[in-house]
Amino acid sequence: MSKLWTFHGGVYPPENKHQSSDSVIVHMPLPKQLVLPMSQHIGTPAKAIVAVGERVLKGQLIAAAQGFISANIHAPSSGTVSAIEERTLPHPSALVGQCIIIDTDGQEQWIEHTGLDPAQLTNSELLDAIQKAGITGLGGAGFPSSVKLQPKADISTLIINAAECEPYITADDRLMREYAQQIVAGIELVQQLLGEPKCLIGIEDNKPAAIASLSQALEQRKLKHTHIEICVIPTKYPSGGEKQLIEILTGQQVPHGGIPAELGLVCQNIGTVKAIADAVLLGQPLISRITTVTGKAATQAGNYQVLIGTQISDLLDFAKVDLAKTSRLVMGGPMMGFTLLDSQVPVVKSTNCILAAAELELAPVADHHACIRCGLCELACPAELLPQQLFWFTKAEEFDKAQNHNLSDCIECGACAWVCPSQIPLVQYYRYAKGRVRVLQAETQLAEHARSRFETREQRLIDEKLAKEKKRKARATAATAAQAAKRAANPDAEDPIAAALARVNKQKQATSLSTTAPVAPVTTEEDPYKALKTAAAITRTKLKKTSKALADAQASQHEQVDSLQASVDALTLKANKAQAELKAYEDKLGLDPEQEKQLQLVAVKTNAAVRKLEKSLATAADAAAVEAEIVTAKALHSSAAQALENYQNQSAAKQQETQES
Amino acid sequence: MQTLYFAITILALLALVFGAILGFAAIRFRVEGDPIVDQIDFLLPQTQCGQCGHPGCRPYAEAIANGEAINRCPPGGETTIKALADLLDVEAIALDAEHGAEAVRTIAYIREDECIGCTKCIQACPVDAILGAAKQMHTVIVNECTGCDLCVEPCPVDCIDMLPIEVTSTSWHWQQPLDLIATSSQPHSPASLEGLSHE
C-alpha cells in the first residue's frame, strides 16, 4: 500500500448510499421512444447522419463527431428515426437542443459488430476504436475520452477514479461489485494505450464490497498485474474530484490553469474504463449506462442499466418513484447536481444519478442571511480558495478581482455552501460569476475583432480613393502623351484645338458683321401674352404652396404662423393682380382663351374620329361605306383645323398690332 | 567670493548637462500617439454605431480624452461607464438619455426575400458584416455584426430586423441567486419551506 496524502478542507455530508447500493443492477426494459441530444459531451455537438424515417439498428452510428473535441452518438436500440427536432435538454437552463428521436421496434437488432484482440492492436487502432465508440467521461463532466487518452506528455501514472464521493450515488459501487473483470480488462487497455504506466485505483473506504470484488478480480490475474494497486482512501467529500484525488494519491497539486497530463498523470472514471473494455473487446459502442435512482420518493431505489436516450419519466415510472411525494427532482448528486424542471428529458452519457427527493430530504434554504465572515467556507474549500472573498466580489460585480482570487479554480463542489451557517448559495454565486466572466471575455474579444474590421475597412476606403485618384492621373498623363505622340508622328497636321478656336473666331466675326442683316426672325423677345400667362401660373402655384404651409403650421401650432399668413396675403394680392393683368390683356386684344380651347377640342375630336374610322376600315366588311364616312370625317376635321388656325392667326395679328402700336 | 562663482559655475554646468539629457530623452523616447486614448478605446464596445455623436469609437475615445462626458455610449451601458470612471478616476454617472438607452444586444437580420439588392446597407456597415452585390440578395454575417443599427435606416424597402441574440444551452449561464438554493435555477416554492428543520 503506497502512501496517501490528503487535501485541504472537505466536508462529511450524510452518505445516504445504502438506499440504492444493496440491490443488484436492474436492466430497464426497452422504452417506446429514445431521445438522443446531439450534445451530450463537452465540445462541439455531433452532427446527425441519419434521415427522418430511416430504420436504424442497435449500435449504428447516427450522429458523427465534429472536430477534435466531440463524440459520436449511436442508436441505443433498433427502430425508426421518427424525428430530428428540438427537445428540452437535461441541462440546468432547461433550454431546447437538437435531438434525434428513435421509435424503438422491440427487436433489439444489433448492427454487425465484433470485438478486437488487444494484443494485435497498435495504439492508434486502439484509440480509433475508443473514439468510434463515442466514449465520454461517465463521471459527470462528459469530456471525450479519446482526447484525454492521447496526452502530449509521457504518462507515469494512470489514476482510476472510483471514489464516488457524492452522497446518494452508488452507480460506480454497483458496477465494481458486478463487473470487476471487465473493469480490470479496461484498465489493461488504457495502460497499453498510455505505455504501461502504473495504475492507482482510488476507492473510498465506504465501499468494502466493491473493494473486495476488485481485489478478487486482480488476484485472479495477479501474475499479469503487479502494477495495478487499489488505494483505499478515507471517505471525505469531495475526494472524487479529479484534482483532489490526484493530491490524495500522489501528493501533487495540478497547477492553476493546468491539466493532470502536465504532471504525467491521466485520470479516468471507473465507468469509463468499463465502457472502453466493452467498446474494444465486444465492439459495443456507448449506448447504455448505469444510473442510480434514489431518494425518499423512490420506492424501488437502486441502480438501473439504462439505454442512453431513455426519458427520465420512463425511468421514474419503472423505479416506482412517487411523483406526488417528490419535491425536487435532481440530476446528479445533492451537492453538485441541478434541479430538473421537467421529467420529459432523456438520460445522457453523463447522467449518473436521478435523485427524487421528498420534502425536507434536501435541506431547503428559506432565505439566506448576511455573511458573518466566520471563515468556515475557507476551512471547507478543497481548492484552497477564499470563498467568502469570491462571494463579496461577485455580489459587487467585481469580476476582475474575483478572477485574481482564482475564481476559475473553483470546482463548484458545494462544500462551502454546505458549511455556511448563513445558508448562502455560494456555488450559484460562483457559477454566475464564471458565466459573467465568460460573457465579458467574449465581449472584449468581439470588440477587438470589430475594431480591427472597422480599421481595415477605413484603410480600404482610403486606399480605394487613392487608387482611383492615381488611376485618373495616370489616364490624364497617358492621354497627354498619346496626344504628343500623335503630333510628333504627324507634325504637319494642324493643332485641333487651335483649328477649333480659329473656326469659332471666324464665326464670331461673321455674326458681328451681319448683325444689321436680319438673319432670321428669332423671337428673342418674349411673347407678352405667354409671359403674362406664365406669371399668373407661377403666382398661383406659389400661393397654393404657401397656403398649404400655413395650414400645416396652424395645425401644428407653429410660431411662424403670423409670417406665413402675411406672405399668403401678399401672394394672394400678387396672384390676383397677375390674373387681372392677363385678363386685361386678353380683353384688350379681344382674345378669348375659352373660345380657343373649344376650337382646339373640336379639331382634336374630329382628328380622332378620322383615325378611328381608318382603323376600322381594315376589318370592315362594307369598305365603301366606311370610306365614305372617312371622307366626311376628314372634311369635318379640316374645317375644324381651319377654324382654329384662323383664330390663332387672328389673335397673333392682334398681338402684333398692339406691339407695333 | 571665488567660492561663490565656483559654485554657480558648477550648478550651471550641471543644469546644462541634465537639461541636455532630458532633452535628448524627450526626443529619443517620445511616446507615439496618446496612450490614454488607446486605453479608453479598449474599453469602448467597438460597435462603431455613432450614437455618441462621433463617427466611431476611436473619435469618441479621443473626445473623452479631451474632457467629454463618459456617459454617451448606450451599447456599452453602465459597465463601460464604470470602467471608464475607474480608468479616468472620475465619478461614474448615469447614461445620458439623449444618446439612447441601454438595450439588449441585437443582431441585424435581412428578410432575404424582400431584399432588392441595392447595396445601401453594405455601404453603411462599419465592420463589413453584410455580404451581397448589386441586384443580388444580401445577407448579414451574424458573427461579425456588432448590432450598431446603422444598416436599418438606409434600407429603402425596410427589410432589416434587429433581433436580440438567442440564448442557447452553450451561451446560457447561471443568474445571480435571489432567493434561490444552490442547485436550483428556480426560486424555491414556499410550499416546501413550511416546517423548516434540518434532518
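In chain B, the centres of domain 1 and domain 2, taken over C-alpha atoms, are separated by 25 Å. These domains span residues 35-99 and 104-167, with bounds that come from an automatic or database domain assignment. Six residues from domain 1 of chain B and seven residues from domain 2 of chain B make up the contact, where two residues are in contact if their C-beta atoms, placed from the backbone, lie within 7 Å. On the domain 1 side, the residues that touch domain 2 divide into one nonpolar, five polar and no charged. Here Ala, Val, Leu, Ile, Met, Phe, Trp, Tyr, Cys and Pro count as nonpolar, Asp, Glu, Lys and Arg as charged, and the others, Gly among them, as polar.

Before going on, a word about the model. It is predicted, so local features need pLDDT of at least 70 and side-chain atom pairs count only at pLDDT 80 or more, while totals for chains, interfaces and linings use all residues. Residues are numbered from 1 along each chain as its sequence is written, and chains are lettered from A and ligands numbered from 1 in the order in which they are written.

**The rest of chain B**

Chain B has five helices and four strands, arranged from the N terminus on as α-α-α-α-β-α-β-β-β. Helices (H or I, at least four residues) and strands (E, at least two) are DSSP runs, numbered from the N terminus. Helix H1 (residues 2-28) of chain B reaches 39 Å from its first C-alpha to its last, close to the 39 Å expected at 1.5 Å a residue; the expected span is 1.5 Å times one less than the number of residues. Zero of the 27 residues of H1(B) are buried, so this helix lies largely in the open. A residue is buried if 20 or more other C-beta atoms lie within 10 Å of its own, exposed if 12 or fewer, and partly exposed in between, with C-beta atoms placed from the backbone. Across the 199 residues in chain B, 25% are buried.

**Cores**

The largest nonpolar core holds 130 residues, and Ile276(A), Leu315(A) and Leu426(A) touch the most other members. Such a core is a set of buried Ala, Val, Leu, Ile, Met, Phe, Trp, Tyr and Cys residues joined through C-beta atoms within 7 Å. Helix H5 (residues 180-193) of chain A gives the most to this core, with eight residues. Domain 1 (18-358) and domain 2 (366-471) of chain A each supply at least three residues. Apart from this core lies another, of 17 residues, among them Ala450(A), Ala108(B), Ile110(B) and Cys148(B).

**A sheet in chain A**

Four strands of chain A form an open sheet in the order S2-S8-S7-S4, with antiparallel pairing. S2 and strand S4 (55-56) stand at the edges, each with a single partner strand, so one side of each is left without a neighbour in the sheet. Strands pair if DSSP finds at least two bridges between them. Two of the pairings are listed here.

| Strand | Partner | Bridges |
|---|---|---|
| S2(A), residues 33-37 | S8(A), residues 96-104 | five |
| S7(A), residues 79-88 | S8(A) | nine |

Cys99(A) in S8(A) stands opposite Pro37(A) and opposite Glu85(A).

**A buried cysteine**

Cys381(A) lies in the loop between helix H10 (376-380) and helix H11 (387-395) of chain A. Cys381(A) is buried, with 26 other C-beta atoms within 10 Å. Leaving aside neighbours within four places in sequence, its contacts are Gly9(A), Pro387(A), Ala415(A) and Cys416(A).
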